[in-house]
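These are my notebook entries on a two-chain model. I set down each item in the order in which I looked it up.

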Amino acid sequence: MKVPSSLTPLSFLAVTLLVWELAVRFLNVPAYLLPSPTAIIATVDSELFLHLAVTSGEALAGFFIASACAFLAALAFVRSPLLERGVFPLAIAIKTTPLVAIAPLLVLWMGTGWWSKITAAGLICFFPVLVNTIKGLKAADSKYFKLFSSFGASQRQAFRKLRIPFCLPYFFSALKISSSLAIVGAIVGEFVGATHGLGYVIMVSSSHLDTDILFSAIFAAAALGILLFQFIGWLEQRVIFWQTAETE
Amino acid sequence: MSAMSKPLSGAECEASSPQSAGPRQAAITASDLCIGYGDLSVIDNVSFRIDQREFVSLLGPSGCGKSTLLRAIAGLLTPTSGSLQLQNSANEVTDSKPRVGLMFQKPLLLPWRTTLENVLLPVEIELGGNRVSSIDEARAREVLSLVQLSSFEDAYPKQLSGGMQQRVALARALMSDPDLLLLDEPFGALDELTREMLNEELLEIWRSADTRLKTIVMVTHSIPEAVALSDRVFVFAARPAKLAEVVPVELEHPRDLESQAFAKSVSYVRRLIRSFS
Ligand SMILES: Nc1ncnc2c1ncn2[C@@H]1O[C@H](COP(=O)(O)OP(=O)(O)O)[C@@H](O)[C@H]1O
Ligand SMILES: [Mg+2]
């Protein structure tokens with residue numbers, strides 16, 4: 001008998017929720033420590049979806065802007081080794097500085113609105129895409145370039161027909177990594193100062209011991225991450241149809 | 001120092017190349033050729049002449065500079081000194097450069113392209129942004145049938161065996177209707193049986209009148225392969241490579257690989273190579 005691959009994790013999830021529900025009910029766990037799944041689901045309302053939408057918007061905007069910038073920066077770095085040597089250490093410095101340490105500064109500069117969160121999400125996405133894209137742009141075997149020059153191909157043609165397609169698997173695996181990071185970035189930004197978003201909900205509900213709301217926000221963030229990751233995986237399979245193996 | 005040609009002592013067959021009637025035109029003329037990478041001298045003062053429609057094999061120890069010489073012939077490397085002249089079949093030295101087809105040990109196919117699209121790649125590059133014409137597609141199908149891959153034109157490289165991938169690479173090299181085919185250990189990564197089969201197909205393509213293929217220069221590590229295929233075997237000594245010996249193989253095509261004469265030729269070349277290393 002064939003079982004759809006998504007069914008296995010879903011049934012495990014169902015069992016976990018059931019055990020959780022029963023344990024909370026029969027062991028009398030206080031609701032501020034661990035609310036039951038039904039209590040958590042009861043808190044889901046349109047307001048939660050509004051916060052989810054805000055965080056999604058910030059994370060996605062940061063993710064797209066940073067990925068595009070990182071891709072362009074990688075192109076520039078591969079063209080100019082001098083630029084790479086000069087600017088790459090700066091990129092490493094940004095990467096090694098914890099985002100939580102920078103986030104208050106971002107809010108100070110850009111206020112509690114969208115941009116501080118988009119920047120936070122972007123900062124955390126940028127580096128993985130940059131590094132992987134640079135690696136990908138150098139991935140084509142040098143013999144391919146010899147072959148191309150024997151065909152009389154220009155630099156541009158070699159770039160378009162060789163470097164870019166060979167880079168795509170690396171680019172997509174970076175997108176998968178940074179899609180999850182983008183949500184982290186947006187939420188950290190919201191922790192520091194916000195009036196909306198899942199990070200804001202998490203901060204407020206935890207200080208009020210509204211643990212059921214806290215949980216619903218956590219689950220919303222997790223669902224967003226999974227959805228985004230799956231979407232990029234789906235896109236990857238369509239774009240890089242020739243490659244089935246993972247290139248992490 | 002130019003190499004001396006001397007007839008192969010082991011072979012009693014008479015010269016039998018179908019093109020041997022009449023004076024031959026040169027395809028490649030090298031005189032006092034030196035090639036290097038920076039301070040490293042790789043090809044040292046080599047002179048030779050390869051005729052139109054001739055099949056020449058380059059044999060020599062690994063790292064002696066065979067690939068380097070091939071790359072220089074392909075125009076991908078500029079010689080340090082000396083001259084290297086190519087002539088096309090119309091014997092014009094001047095304007096129109098001869099068309100060169102190149103093939104390596106790895107098939108170097110683009111994995112996101114089908115067989116047909118891979119074969120069309122050189123045409124696409126030549127056309128720049130323009131679309132490939134139906135004439136080019138017909139030509140691509142023609143070369144695919146030469147390498148017996150007609151039924152695989154829509155397959156992707158990963159769906160093909162190693163031997164089939166090399167056939168696609170050969171078809172791609174033939175696509176431009178080359179005057180000169182340069183092969184760098186083309187079947188070196190394949191198993192013995194596939195290799196022999198592809199060698200036979202290569203010979204057939206070279207000998208058939210309707211492929212206008214003129215000249216083949218092939219690097220190989222296999223002495224029997226060199227003797228089975230070529231009109232002449234160029235034997236190189238270790239780096240800086242000197243052309244140590246030129247061995248004409250005067251066995252009639254199709255060559256019987258089981259024959260005494262063939263075995264004698266192989267052992268002659270083998271002894272020769274041993275004597276240089
Ligand atoms: N691009 C290169 N730059 C510098 N040295 C090279 C390069 N390619 C080959 N060489 C050197 O030139 C020599 C000859 O190489 P090659 O022509 O590949 O030998 P072969 O094909 O006979 O094995 C080797 O010592 C190799 O290290
Ligand atoms: Mg070599």
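Is A:Glu58 buried or exposed? I read a relative accessibility of 4%, so A:Glu58 counts as buried. For this I took buried as under 20% relative accessible area, exposed as over 50% and partly exposed as in between, with a 1.4 Å probe and protein chains only.

**Basis.** I note that this is a predicted model, in which local features need pLDDT of at least 70, side-chain atom pairs count only at pLDDT 80 or more, and totals for chains, interfaces and linings use all residues. Residues are numbered from 1 along each chain as its sequence is written, chains are lettered from A and ligands numbered from 1 in the order in which they are written, and side-chain values use heavy atoms, with hydrogens and water left out.

I located A:Glu58 in helix 3 (residues 46-79) of chain A. Helices (H or I, at least four residues) and strands (E, at least two) are DSSP runs, numbered from the N terminus. I then listed its contacts (heavy atoms within 4.5 Å). Leaving out residues up to four places away in sequence, A:Glu58 touches A:Trp114, A:Lys117, A:Ile118, A:Ala121, A:Ala186 and A:Glu190. For A:Ala121, 63 residues from A:Glu58 along the chain, I found a C-alpha separation of 7.4 Å.

**Chain A as a whole.** I counted 10 helices and 0 strands in chain A. Its C-alpha atoms fill a box of roughly 75 × 60 × 25 Å along the principal axes. Of the 248 residues in chain A, 42% are buried. Among contacts between residues at least 6 apart in sequence, 77% join residues at least 24 apart. Chain A exposes about 13,600 Å², and carbon and sulfur atoms supply 72% of that area; the accessible areas come from the Shrake-Rupley method with a 1.4 Å probe.

**Between the chains.** I found 20 residues of chain A in contact with 19 residues of chain B. The two chains bury about 1,800 Å² between them, 71% of it on carbon and sulfur atoms. A:Phe151, A:Lys161 and A:Trp242 supply 31% of the area that chain A buries against chain B, more than any other three residues. Buried area here is the accessible area (1.4 Å probe) that two parts lose on being put together, summed over both.

**Domains of chain B.** I took domain 1 as 24-99 + 190-266 and domain 2 as 108-176; such bounds come from an automatic or database domain assignment. The C-alpha centres of the two domains of chain B lie 25 Å apart. Across their boundary, 11 residues of domain 1 are in contact with 13 residues of domain 2. The two domains bury about 930 Å² between them, 62% of it on carbon and sulfur atoms. B:Arg99, B:Glu201 and B:Ile205 supply 46% of what domain 1 buries against domain 2, more than any other three residues.

**Backbone of chain B.** Most residues other than glycine have a negative phi, and most peptide bonds are trans. I therefore recorded the exceptions. A cis peptide bond joins B:His253 and B:Pro254, with omega about -10°. B:Pro254 is in the loop between strand 9 (243-248) and helix 7 (260-276). B:Asp32 has a positive phi of about 45° and lies in strand 1 (residues 26-37). With a relative accessible area of 45%, B:Asp32 is partly exposed. For B:Asp177, phi is near 55°; B:Asp177 is in the loop between helix 4 (162-175) and strand 6 (180-184). B:Asp177 is partly exposed, with a relative accessible area of 25%.
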